[in-house]
Amino acid sequence: MMAVRLRRTISLLAALLVAGLLALAYAAYSRDIRLAHERVSTGSRIVQTACGPIEYAEAGDGEPVLIVHGAGGGFDQGMEFGEPLAKQGFRVIAMSRFGYLRTPLPADASAAAQADAHACLLDALGIRRAAIIGASAGAPSSMQFALRHPDRCGGMVLLVPAAYVPRPDNAPPVKVPAGTEFLVDLALRSDFLFWAAIQFARPTVTRAILATPPDLVEQAGADEQARVERMLQHILPVSPRRQGLLNDAAVISRLERYRLERIAVPTLVISAADDLFGIYDGARYTAEHVPSARFIGFPTGGHLWVGHHEQVVSIIADFVR
């Protein structure tokens, strides 16, 4: 009888402990998601354009630079990269692409339509010509912008670009690391579940979502580790980015070869060989076929070019300048 009571007591204590830990975790999540919503609800504007409403943020003065964010981003991801450029004398404009945050998803959300929306945003801001920086899934619309609006494009930087590359086995141009589909599905279902994955399975999320080797981050300096942490946290909240993520997945899954030989603007392409999305070959292929393009390939760095951030910002600033 005593043994039965002891087992019941232990079970009750264990249940109370689990309940307490879950309560603490949910309290931490509630705080973090509240701060995330506050972050994306300030610092940006919505402008009505000929292509529909577009959310954007600005920083700095000088030559205009349009930042086109990657998957899971928004104006906040663009400003994360753009702020160092603003400090170097550029006028940085970072928009939320179709389906991200407060920019709605139109019926035609193709890369070409998004490129036209880039031009519409410049029109609304009274900017005749700007350099464009397309990162990751922001690269297709950036290339289309250079093709469709060459007179508006002062130069193009493709940073770890999702780009077409011919493969003998007809494999997709972008690889999917183990666990990516599961984590993306998790993120699309629940902000809480994705938050929990960041807290309790960070190396897995770093590998599968940021496509960067976790050990590379662990060996990086404090500034780089902090930058990666911000990139993870800035995916939250996921819910207002859901439509954009799904659209990016559709666009990237059927990437076509653009008329690279007709891109007439100065072009810089940057990638890392150990990018777990496997886009290094596509980046190099693009640079090889865009006339006079310059290619910079790092042996390591992953999809977030870890260990090279200051160098990348400096290279891009010199190129755009």
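**Close-up views of a predicted model**

**View 1. The open sheet has eight strands in the order E1-E2-E4-E3-E5-E6-E7-E8, with mixed pairing.** Strands E1 (45-49) and E8 (294-298) stand at the edges, each with a single partner strand, so one side of each is left without a neighbour in the sheet. On average, neighbouring strands are turned by 25° against each other, direction ignored. Strands (E, at least two residues) and helices (H or I, at least four) are DSSP runs numbered from the N terminus, and two strands pair if DSSP finds at least two bridges between them. The model is predicted: local features need pLDDT of at least 70, side-chain atom pairs count only at pLDDT 80 or more, and totals for chains, interfaces and linings use all residues. Residues are numbered from 1 along each chain as its sequence is written, and side-chain values use heavy atoms, with hydrogens and water left out.

**View 2. Strands E3 (residues 63-68) and E4 (residues 90-95) pair in the parallel sense over five bridges.** Pro-64 stands opposite Arg-91 in E4.

**View 3. Asp-275 lies in the loop between E7 and H11.** This residue is buried, with a relative accessible area of 4%; buried means under 20%, exposed over 50% and partly exposed in between (1.4 Å probe, protein chains only). The side chains of Asp-275 and His-303 are joined by a polar contact of 2.5 Å. Such a contact is a pair of N or O atoms within 3.5 Å; within protein, one must be able to donate a hydrogen and the other to accept it, and residues adjacent in sequence count only if both atoms are side-chain atoms.

Terms used:
Axes are lines fitted to C-alpha atoms, for helices over the stretch in contact, and angles run from 0 to 180 degrees between N-to-C directions.
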